[in-house]
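Subject: Structure for you to look at, with notes

Dear colleague,

I am handing over the structure we spoke about, and my notes follow directly below it. Please read them with the structure open beside you.

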Amino acid sequence: MTTRRTFLSGALASAAAASGASLKPLTLSRTPVVLSTWETGMRANDKAWEILSYGGKALDAVEEGVRVIEDELNCCVGLGAHPDREGRVTLDASIMDHRFNCGSVLFLERIKHPISVARRVMEKTPHVMLAGEGAQQFALDEGFPLESGELSPDAARGYQAWLKKTGYQPRARSSTALAPVSPQNHDTIGMIAIDESGNLSGSCTTSGLAYKMRGRIGDSPIIGAGLYVDNDIGAAVATGQGEDIVRVAGASSIVEAMRRGLSPEKACRSVVEKLARVRRDQLKDVQVCFLALNKQGEYGGFALRSGFSFAVRTAKLKTLTASRFLW
Ligand code: SD4
């Protein structure tokens, strides 16, 4: 994909070569780009764009952008989302900037903005990951309020229906009887962005899979699986069945594929194909989706199955794009 910037660079370089003038380094500022998973990404991108379009940092944009969705009650992400099997909402989130700084929280309960707690872990502790009670204590120490822990009305209705359908008995080792992650039942927002200075950042926040086993962690808070940023190359973020994203170190594998010269979409596709090749017989009812953005501002996505969409915002574009897919 040719961006406006690469086109201009090429055009200016040819003009200079034709006139025999020596080439000077270009000082054009970059056009910011922000990408997010699913249709909720449109609302998240609007917020991120307020920051990016005024010359703000990608890191601030990816935090503020996904907070909008964490705030929505009766939404797929944050405290309004689906609970685990025991009827409790547990949240995971991660954030990463252009200097390999990263932070994440896992199994966090009763805190509204896990993405901001993840950023505090990154900026205020010597660690990368905090989990469970410790993560909650850290959040409280940092001034985040403790929320009630009650399910949202939609989540409570869904949970009651699920209990009836599965006949689930706490502590039984039953299957979670889940449908593959789809536009209707996804639980995550992932966002990656490049700012005017050419710096990349990413964020990912989730309630994990609906009715998961208590204590289950997916890919979203795992740096390298759900999210990865290498400012020399690009950024990638994932959504879908976390276990299968973790198996192939999804996001970092995509960044490495871009380093080898693949476009963002082809890099995403290469990782989906690798998974499909080796585990074809174990991917029934599994969806895996990736988004990637490179240093030049080129972007793309790819999914295992149909149904994945992603939101894109640039100076010229505000759109929800249907992702290409393998099966
Ligand atoms: C997880 N990847 O916890 C998340 C789930 C997801 O849309 O993306 N749902 O496995």
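A salt bridge is taken here as a side-chain nitrogen of Lys or Arg lying within 4 Å of a carboxyl oxygen of Asp or Glu. By this rule the count comes to 22 salt bridges, and please keep in mind throughout that this is a predicted model.

Before the individual pairs, here is the overall picture. The protein chain has 327 residues, of which 53% are buried, and its secondary structure consists of nine helices and 13 strands. Of the contacts in the chain that have a separation of 6 or more, 64% are accounted for by residues 24 or more positions apart. The largest nonpolar core has 45 residues, and those with the most contacts inside it are Leu35, Ile192, Ile254, Phe290 and Leu293. There is also a second, separate core of 33 residues, which includes Leu59, Cys75, Val77 and Ala139.

Salt bridges

I would begin with Asp84 and Arg214, which form a salt bridge in which the closest N and O atoms are 2.9 Å apart. Asp84 sits in the loop between helix H3 (58-70) and strand S2 (91-96), while Arg214 sits in the loop between strand S6 (200-206) and strand S7 (227-230), so the pair ties together parts that are 130 residues apart in sequence. The two partners can also be described by their accessibility: Asp84 is buried, with a relative accessible area of 0%, whereas Arg214, at 31% relative accessibility, counts as partly exposed.

Asp244 and Arg279 also meet through their side chains in a salt bridge, at 3.5 Å from N to O. Because Asp244 belongs to helix H7 (residues 242-247) and Arg279 to helix H9 (residues 264-279), this pair ties together parts that are 35 residues apart in sequence. Asp244 counts as buried, at 4% relative accessibility.

Glu123 is partly exposed, with a relative accessible area of 47%, while Arg119 counts as buried at 14% relative accessibility. Salt bridges that share partners join Asp60, Glu63, Arg119 and Glu123 into one network.

How many of the eleven residues of H4 are buried? Eight of them are, and the helix is therefore described as mostly covered, buried meaning under 20% relative accessible area. The buried residues are Pro114, Ile115, Ser116, Val117, Ala118, Arg119, Val121 and Met122, and they pack against H3, S2, strand S3 (102-108), strand S4 (129-131), H5 and S6.

The packing of H4 on H5 can be described in more detail. Helix H4 (residues 114-124) and helix H5 (residues 132-141) pack at an angle of about 85°, with their axes 10 Å apart, and the two helices are therefore roughly perpendicular to each other. On the H4 side the contact is made by Val117, Arg120 and Val121, and on the H5 side by Ala135, Phe138 and Ala139. By class, this contact of H4 with H5 has five nonpolar residues, no polar residues and one charged residue.

Two loop positions

Gly80 lies in the loop between H3 and S2, and at 7% relative accessibility Gly80 counts as buried. Leaving aside its neighbours within four places in sequence, Gly80 is in contact with Leu73, Asn74, Cys75, Ser152 and Ala155. The C-alpha atoms of Gly80 and Ile69, which are eleven residues apart along the chain, are separated by 10.0 Å.

His186 lies in the loop between helix H6 (153-166) and strand S5 (188-194), and His186 is likewise buried, with a relative accessible area of 3%. The C-alpha atoms of His186 and Thr239, which are 53 residues apart along the chain, are separated by 8.2 Å.

With best regards

Key:
Residues are numbered from 1 along each chain as its sequence is written. This is a predicted model: local features need pLDDT of at least 70, side-chain atom pairs count only at pLDDT 80 or more; totals for chains, interfaces and linings use all residues. Side-chain values use heavy atoms; hydrogens and water are left out. Axes are lines fitted to C-alpha atoms, for helices over the stretch in contact, and angles run from 0 to 180 degrees between N-to-C directions. Helices (H or I, at least four residues) and strands (E, at least two) are DSSP runs, numbered from the N terminus. Angles under 35 degrees count as roughly parallel, over 145 as roughly antiparallel, 65 to 115 as roughly perpendicular and the rest as oblique. Contact means heavy atoms within 4.5 Å. Ala, Val, Leu, Ile, Met, Phe, Trp, Tyr, Cys and Pro count as nonpolar, Asp, Glu, Lys and Arg as charged, and the others, Gly among them, as polar. Buried means under 20% relative accessible area, exposed over 50%, partly exposed in between (1.4 Å probe, protein chains only). A nonpolar core is a set of buried Ala, Val, Leu, Ile, Met, Phe, Trp, Tyr and Cys residues joined through side-chain atoms within 4.5 Å.
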